[in-house]
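Welcome to this structure! Here are some friendly notes to read with the model open beside you.

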Amino acid sequence: MPTENEFRTYLAELLAPLGPISFRRIFSAVGVLGARGMFGLIVDETLYFKVTDESRADYEAAGMSQITYERASGREVGLPYFEVPDELLDEPERFLEWAEKAFAAAVPARRRNSSRRRLPRRAWPTPRA
């Protein structure tokens, strides 16, 4: 079984046609990031890709599962990430097709201040003497 770093190196090679790829630890997972944003997750040595309404059917047809977590209230919530079929890791061309869809599904993270509308400062009344 490959180590975590070997797996990341292999993924970076497979994903190279998409441009620079980076990995970032996010809680107990590792995010897979490209120029557009995060499009994949690695959880317990399993790769998940971000899905859209259109690409979800491919994953469901392949019998892949969605990442879910349980909220404090006990309610289970699904994330828009589905497990990538293992056989794709051995088929670089098909893997890249699925990766391109996930890459397109990634939405760039908003910068904290860029989404705020800049309002003019309110003019304070001048004090009366």
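1. A word on exposure comes first. Here a residue is buried when its relative accessible area is under 20%, exposed when that area is over 50%, and partly exposed in between, using a 1.4 Å probe and protein chains only. By that scale S73 is exposed, with a relative accessible area of 63%. S73 belongs to the loop between β5 (66–70) and β6 (76–83). A polar atom of the S73 side chain lies 3.5 Å from the backbone nitrogen of R75.

2. Please keep the origin of the model in mind. This is a predicted model, in which local features need pLDDT of at least 70 and side-chain atom pairs count only at pLDDT 80 or more, while totals for chains, interfaces and linings use all residues. Residues are numbered from 1 along each chain as its sequence is written, and side-chain values use heavy atoms, with hydrogens and water left out.

3. Now the overall layout. The chain has 3 helices and 6 strands, where helices (H or I, at least four residues) and strands (E, at least two) are DSSP runs numbered from the N terminus. Their order from the N terminus on is α-β-β-β-β-α-β-β-α. Of the 129 residues in the chain, 33% are buried. Counting a contact as heavy atoms within 4.5 Å, 47% of the contacts between residues at least 6 apart in sequence join residues at least 24 apart.

4. Next, the aromatic rings. Rings of Phe, Tyr and Trp (for Trp, the six-membered ring) pair if their centres lie within 6.5 Å; planes under 30 degrees apart count as stacked, over 60 as edge-to-face and the rest as tilted. The whole structure holds 5 aromatic pairs. In one of them, Y59 and F82 are tilted, at 5.9 Å centre to centre with 40 degrees between the planes. This pair links distant parts of the chain, with Y59 in helix α2 (residues 53–61) and F82 in strand β6, 23 residues apart. Y59 is buried at a relative accessible area of 2%, and F82 is buried at 3%.

5. Which kind of pair do Y59 and W98 form? Their ring centres are 4.7 Å apart and their planes stand at 75 degrees, so the pair is edge-to-face. Because Y59 lies in helix α2 and W98 in helix α3 (residues 92–105), the pair ties together parts that are 39 residues apart in sequence. W98 counts as buried, at 11% relative accessibility. Elsewhere on the aromatic list, F39, F49, F95 and F103 form one cluster.

6. The interior deserves a careful look. In soluble globular proteins, nonpolar side chains tend to be buried together. A nonpolar core is a set of buried Ala, Val, Leu, Ile, Met, Phe, Trp, Tyr and Cys residues joined through side-chain atoms within 4.5 Å. The largest core has 26 residues, of which L11, L15, L18, F39, L47, F49 and F95 touch the most other members. Two or more residues come from each of α1 (4–15), β2 (29–34), β3 (37–43), β4 (46–50) and α3. The biggest giver is α3, with 6 residues. Apart from this core lies another, of 5 residues, including L41, Y48, I67 and Y81.

7. Leaving aside neighbours within four places in sequence, F49 is in contact with residues including L15, F39, Y59, F82, F95 and W98.

8. Most residues other than glycine have a negative phi, and most peptide bonds are trans. F27 is not a glycine, yet has a positive phi of about 55 degrees. F27 sits in the loop between β1 (22–26) and β2 and is exposed, with a relative accessible area of 83%. E45, also not a glycine, has a positive phi of about 60 degrees. E45 is in the loop between β3 and β4, exposed at a relative accessible area of 56%. D86 is found in the loop between β6 and α3 and counts as exposed at 55% relative accessibility. D86 and T46 are 40 residues apart in sequence, and 8.8 Å apart in space from C-alpha to C-alpha.

Methods
Polar contact = N/O pair within 3.5 Å; in protein donor to acceptor, adjacent residues only side chain to side chain.
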